[in-house]
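I am opening a notebook on this structure and will write down what I looked up, one topic at a time. The entries begin with the sheet and then turn to the helices.

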Amino acid sequence: MHSDTIADRGYDVELHRRPGRLLLPAICILAGIVLLTLGDGGGLLRTLVALGGIALGVVVLVGALRPFRFVVDADGLTVRRPGLRRTIRWPELAAVVLDQPAPRSGVPAAPRLLAVPATGTGIGPLDARHPLDERPAVELLDLAGIRESPGEIAATLARYAGDRFLDARALRRDAFADPDFAVGLRGYRVDVVDALIRGGQEALASGDPTRRRTARAEIDQARRAGLPVDLRGTLQVDEALDALGAALADEPAEREPS
């Protein structure tokens with residue numbers, strides 16, 4: 001893989017934090033200091049705001065300066081970040097998943113990297129779940145602060161982790177493409193629609209007939225009860241939910257061979 005951002009030395013690939021992560025905390029600290037050194041106008045309120053800015057900047061700065069290393073190679077993963085500092089060999093992992101949490105109020109969440117430990121293996125706190133089969137997982141890395149793109153990271157993991165690696169984002173899109181809804185003055189609520197679409201995509205991607213029926217029932221129930229109104233265009237949403245419901249009703253065993 002040829003990349004200007006991923007450090008590939010032929011035998012391993014190292015990820016990096018985004019540049020400029022120290023800028024915001026530095027601005028907060030400097031702004032607080034400037035406020036404290038101004039004249040007496042503003043009194044207690046100005047002092048509290050200044051101290052708050054300095055405290056916030058220091059907390060963020062300490063987090064940004066914590067040691068970080070994430071290396072992928074033929075033997076496994078080397079992880080050095082707060083809460084997890086160790087080398088994880090591939091046999092210790094049942095699965096490595098590149099996932100993206102559901103949007104929050106229509107705002108996309110940053111992708112994250114999850115690891116499902118192999119049976120009898122302890123890696124770290126099981127603070128997440130495999131998005132398709134609900135197995136307990138460890139969140140290895142939040143990609144919000146990582147310089148390399150999710151696509152580059154997916155290619156690297158596919159190369160080294162082999163069958164252990166799953167790109168859940170791509171699997172969802174392959175199962176049912178992400179609808180591109182227009183925003184209007186009146187429509188359905190973003191978070192409700194996103195949750196229904198997401199649940200249907202995951203059910204399709206799982207291949208589990210029970211999950212498919214459950215997801216379809218949730219869509220039908222929500223539509224019968226009346227979707228809450230907000231900004232998502234109603235016609236586009238109705239068409240997308242019709243198509244998703246039809247896909248969920250199409251049992252895999254009944255599909256025509258492609």
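**Entry 1: the sheet**

I looked up the strand order and found an open sheet of five strands, E8-E9-E7-E6-E10, in which the pairing is mixed. At the edges stand E8 and strand E10 (165–167), each with a single partner strand, so one side of each has no neighbour in the sheet. I note here that the model is a predicted one.

I then went through the pairs. Strand E6 (residues 93–99) and E7 are antiparallel and share six bridges, and within this pair Ala-95 has Val-116 of E7 as its bridge partner. Strand E7 (residues 112–117) is in turn joined to strand E9 (residues 136–142) by four bridges, again in the antiparallel sense, and here I found Leu-113 bridged to Leu-141. Strand E8 (residues 128–129) pairs with E9 over two bridges, also antiparallel, with Ala-128 and Ala-137 as bridge partners.

**Entry 2: the turn between E8 and E9**

How many residues lie between E8 and E9 in their hairpin? I count on the record of the model for this: there are six, and Glu-134 belongs to that turn. The phi of Glu-134 is positive, near 70°, in a residue other than glycine. Is Glu-134 buried, exposed or partly exposed? Its relative accessible area is 43%, and Glu-134 is therefore partly exposed.

**Entry 3: Pro-117**

Next I looked up Pro-117, which is found in strand E7. Its relative accessibility is 16%, and because buried means under 20%, Pro-117 counts as buried. Leaving aside neighbours within four places in sequence, I found Pro-117 in contact with Glu-92, Ala-94, Ile-123, Leu-126, Pro-136 and Val-138. Of these contacts I followed up Val-138, which is 21 residues from Pro-117 along the chain, while the C-alpha atoms of the two are separated by 7.8 Å.

To check the helix itself, I compared its length with expectation: at 1.5 Å a residue, the twelve residues of H3 (residues 150–161) should span 16 Å, and the end C-alpha atoms are 15 Å apart, which agrees. The buried residues of H3 are Glu-152, Ile-153, Ala-154, Thr-156, Leu-157, Tyr-160 and Ala-161. After H3 comes Gly-162, with a positive phi near 65°.

**Entry 4: helix H5**

For H5 I made the same kind of check, and its 17 residues should span 24 Å at 1.5 Å a residue, in agreement with end C-alpha atoms that are 24 Å apart. Twelve of the 17 residues are buried, so H5 is largely enclosed by the rest of the structure. Among the buried residues are Val-190, Val-193, Leu-196, Ile-197 and Leu-204, and also Asp-194, Arg-198 and Glu-202.

Not counting residues up to four places away in sequence, Glu-202 touches Pro-131, Leu-132, Arg-172 and Arg-211. Just after H5, Gly-207 takes a positive phi of about 75°.

**Entry 5: helix H6**

I began at the N-terminal end of H6, which is capped by Asp-208: one of its side-chain oxygens lies 2.9 Å from the backbone nitrogen of Thr-210. The 17 residues of H6 (residues 209–225) should span 24 Å at 1.5 Å a residue, and its end C-alpha atoms, 24 Å apart, agree with this.

Which residues of H6 are buried? I found Arg-212, Ala-215 and Ile-219. Seen down the axis of H6, the buried residues fall within an arc of 70°, so they line one face of the helix. What covers them includes helix H5 (190–206) and helix H7 (234–249). On the face turned away from the buried side I noted the exposed residues Gln-221, Arg-224 and Ala-225. H6 is followed by Gly-226, whose phi is positive, near 95°.

Technical notes:
Residues are numbered from 1 along each chain as its sequence is written. This is a predicted model: local features need pLDDT of at least 70, side-chain atom pairs count only at pLDDT 80 or more; totals for chains, interfaces and linings use all residues. Side-chain values use heavy atoms; hydrogens and water are left out. The expected span of a helix is 1.5 Å times one less than its number of residues. Buried means under 20% relative accessible area, exposed over 50%, partly exposed in between (1.4 Å probe, protein chains only). The arc is that of the directions from the helix axis to the C-beta atoms. Contact means heavy atoms within 4.5 Å. A polar contact is a pair of N or O atoms within 3.5 Å; within protein, one must be able to donate a hydrogen and the other to accept it, and residues adjacent in sequence count only if both atoms are side-chain atoms. Two strands pair if DSSP finds at least two bridges between them.
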